[in-house]
Amino acid sequence: MEPFNVERIRADFPILQLQVNGKPLVYLDNAASSQMPRQVIDRLVRYQTNEHANISRAVHYLSETATAEYESARSKLQSFINASEEREVIFTSGATDAINLVMHGYGRKFIKAGDEIILTTLEHHSNIVPWQMLAEETGAKIRVVPIDDAGELLIDEYEKLFNARTRFVGVIHVSNALGSINPVKQMIAFAHAHGVPVLVDGAQAVPHMQVDVQDLDCDFYAFSGHKLCGPTGIGVLYGKAALLEKMQPFKGGGDMILSVTFEKTTYNAIPHKFEAGTPPIAAAIGLGAAVDYLSAIGMDAIAMHERDLLNYATDQLNLVPGVRIIGTAKNKASVISFTIDGVHPHDIGTLLNQEGVAVRTGHHCAQPVMQRFNVPATSRASFSFYNSMAEVDALIAGIRTVQKVFE
Amino acid sequence: MADYKALYQEVILDHNKKPRNYGTLAHASHHAVGHNPLCGDHISVELNFDRECIDCIAFEGESCAICKASASMMTAAIKGKSRADGEILIEEFLAMATGKLDLDGPNHIGRLAVFAGVCDLPTRVKCAILPWHTLHAAFNSVASASTEAEADPMHGPNGNAKT
């Protein structure tokens, strides 16, 4: 394999050539959404130019082409996460949609009053709110795994939460707010020893590392395409076939049925049972192209470059007086939340933008994490494999400019 | 392209560092708390009328520099004004923050014109107007204001910061 060449990779991303406020764009908001390489953009154009029709319906050439390409994308996603079967890959509109699918399809069928659902303090709102809605509807209870001052889950406390009423575990693989990589494999094994299924929210994990759902042995794994160099409006729910088959459909409509009369409707087999209506065909095919692109670079090479970025950025931030990194887990993805003494995150965000540096500021849809660290909000720099060391320097220079303004 | 730094002028940075009328009042006839749920910022505004005019006013809370400076300068501008004049100033400030006020025409904006640049930063408009929402709520003895509340008569399409 060729050595990792960040400049060659950057050339694949047209948007990275942008100037913002007269400065080269330094895009460090990849945890919110990543950018798209030309290979994916071109694939979308080729689909819309030569291949588009509705899928799984007509017998004409275009419909057959679109169907084949859509199913080929499913196969690529299956390989990408090493699912054992294609039908275990359900296309959704994103990670949020995937989690809601599990809440409706599994939760509403199998979780009853008095049952307990275990979540963690690190969850994104998308893996909290659906379960709260379920708890309100059914009378189930939510138990929460606490974290320590580094932003690591307290695994002893997690294990103590299990009892005879525990029915489900939802855990974020990589914290979007802090970058902590959680020991999900170990947590899944413990839950399974108690007969409890586990959903992993992998939205922040799949862009950074090789994920193998069979190795993890997770029951469900959810992620979004747009954080993975793919389009918005597409995501994946991986589920073990045996569980997916037991679940009730989430949305009703076309494609998810075998036959419909006003007396009785027979549902289609998985994955189609969960893909009602015309799916985002182009987006799915674009996501297929995105995982081809990432696989060609290699997720291990990506993880190594991002580790270098994380270490360098962490060291540089620690050298700036008044900057405090929130989240110092031993095992982290390339996501850094930080505060600057005396400067509100929104002011940091606006002033960094003036320097062309795009960071996220706010609570990162993880208010329980902010409450745990007693901060209303943080600034977050999240790095992708196409970021360079020079961009870390631009961030640090930007932070010094912010501090100068607020001196 | 607007010069974003223009917003962080000396006067705004000064009011952020040394906010005027910061704190609470022993006896407030009107008060309200304002929240910006998008960033978790909140401020409270307390005031007292002496007959027709605002006799004293104070604010406190957690917020960014834009919001704090806006609140500080608001309290300085509003002191001694009648409620009717206060309402006019609220209207004018909101119009300015959303780029709808003709600064060259007749208005009462005065030194508050330093916030005119915020209209070029849709995600920051809410920071600047939160104190004014809250003042409006206090005038009307509404217990709390929000930049997001649909029922809030001051609610306007100011752009949405994504969470």
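Me: In chain B, what share of the contacts with a separation of 6 or more comes from residues 24 or more positions apart?

Reply: In this predicted model, such pairs account for 60% of those contacts in chain B. A pair counts as a contact if the C-beta atoms, placed from the backbone, lie within 7 Å.

Me: What elements make up chain B, and in what order do the elements run?

Reply: Chain B holds 4 helices and 4 strands. Read from the N terminus, the order is α-β-β-β-α-α-α-β. Of its 163 residues, 43% count as buried; the term requires 20 or more other C-beta atoms within 10 Å of a residue's own.

Me: What are the corresponding values for chain A, in secondary structure, burial and contacts?

Reply: Chain A comes to 14 helices and 17 strands. Of its 407 residues, 50% count as buried. Among its contacts between residues at least 6 apart in sequence, 70% join residues at least 24 apart.

Me: Which domains is chain A divided into, and how far apart do their C-alpha centres lie?

Reply: Domain 1 of chain A comprises 6-30 + 299-405, and domain 2 comprises 41-296. Their C-alpha centres lie 28 Å apart. The contact between them takes 23 residues from domain 1 of chain A and 21 residues from domain 2 of chain A. On the domain 1 side, the elements that give two or more residues are α11 (299-318), β14 (335-340) and α13 (367-372) of chain A. The largest share, 5 residues, comes from α11(A). By class, this side of domain 1 has 12 nonpolar, 7 polar and 4 charged residues.

Me: What makes β4 and β6 of chain A edge strands?

Reply: The sheet in question is open, with 7 strands in the order β4-β10-β9-β8-β7-β5-β6 (chain A) and mixed pairing. Strands pair if DSSP finds at least two bridges between them. Each of β4 (89-92) and β6 (141-145) of chain A has a single partner strand, so one side of each is left without a neighbour in the sheet. On average, neighbouring strands of this sheet are turned by 20° against each other, direction ignored.

Me: How many bridges join β5 of chain A to β6(A)?

Reply: Strand β5 (residues 116-120) of chain A is joined to β6(A) by 5 bridges, and the two run parallel. At least two bridges are needed for a pair, so the 5 bridges between these strands meet the condition. In β6(A), the bridge partner of A:T120 is A:V145.

Me: Which strands do helices α5 and α7 of chain A touch?

Reply: Helix α5 (residues 129-138) of chain A packs on the sheet and touches β5, β6 and β7 (166-172) of chain A. Its direction makes about 145° with that of β6(A). Helix α7 (residues 184-193) of chain A also packs on the sheet, touching β7 and β8 (198-201) of chain A. The direction of α7 makes about 165° with that of β8(A).

Me: Why is A:D217 called partly exposed?

Reply: A residue is exposed with 12 or fewer neighbours and buried with 20 or more. A:D217 has 15 C-beta neighbours inside 10 Å and therefore counts as partly exposed. A:D217 lies in the loop between α8 (213-216) and β9 (220-224) of chain A, and has a positive phi of about 65° although it is not a glycine. Most residues other than glycine have a negative phi, and most peptide bonds are trans.

Me: What kind of peptide bond joins A:I270 and A:P271?

Reply: The bond is cis, with omega about 0°. A:P271 lies in the loop between β12 (265-267) and α10 (281-297) of chain A.

Me: How many residues of chain A and chain B are in contact with each other?

Reply: 15 residues of chain A are in contact with 18 residues of chain B. On the chain A side, helix α12 (residues 345-354) gives the largest share, 6 residues. By class, that side has 6 nonpolar, 8 polar and 1 charged residues.

Methods. Residues numbered from 1 in each chain as written. Chains lettered and ligands numbered in written order. Predicted model: local features only at pLDDT ≥ 70, side-chain atom pairs only at ≥ 80, totals over all residues. Contact = placed C-beta atoms within 7 Å. Nonpolar A, V, L, I, M, F, W, Y, C, P; charged D, E, K, R; others polar. Axes fitted to C-alpha atoms, helices over the stretch in contact; angles between N-to-C directions. Domains from an automatic or database assignment.
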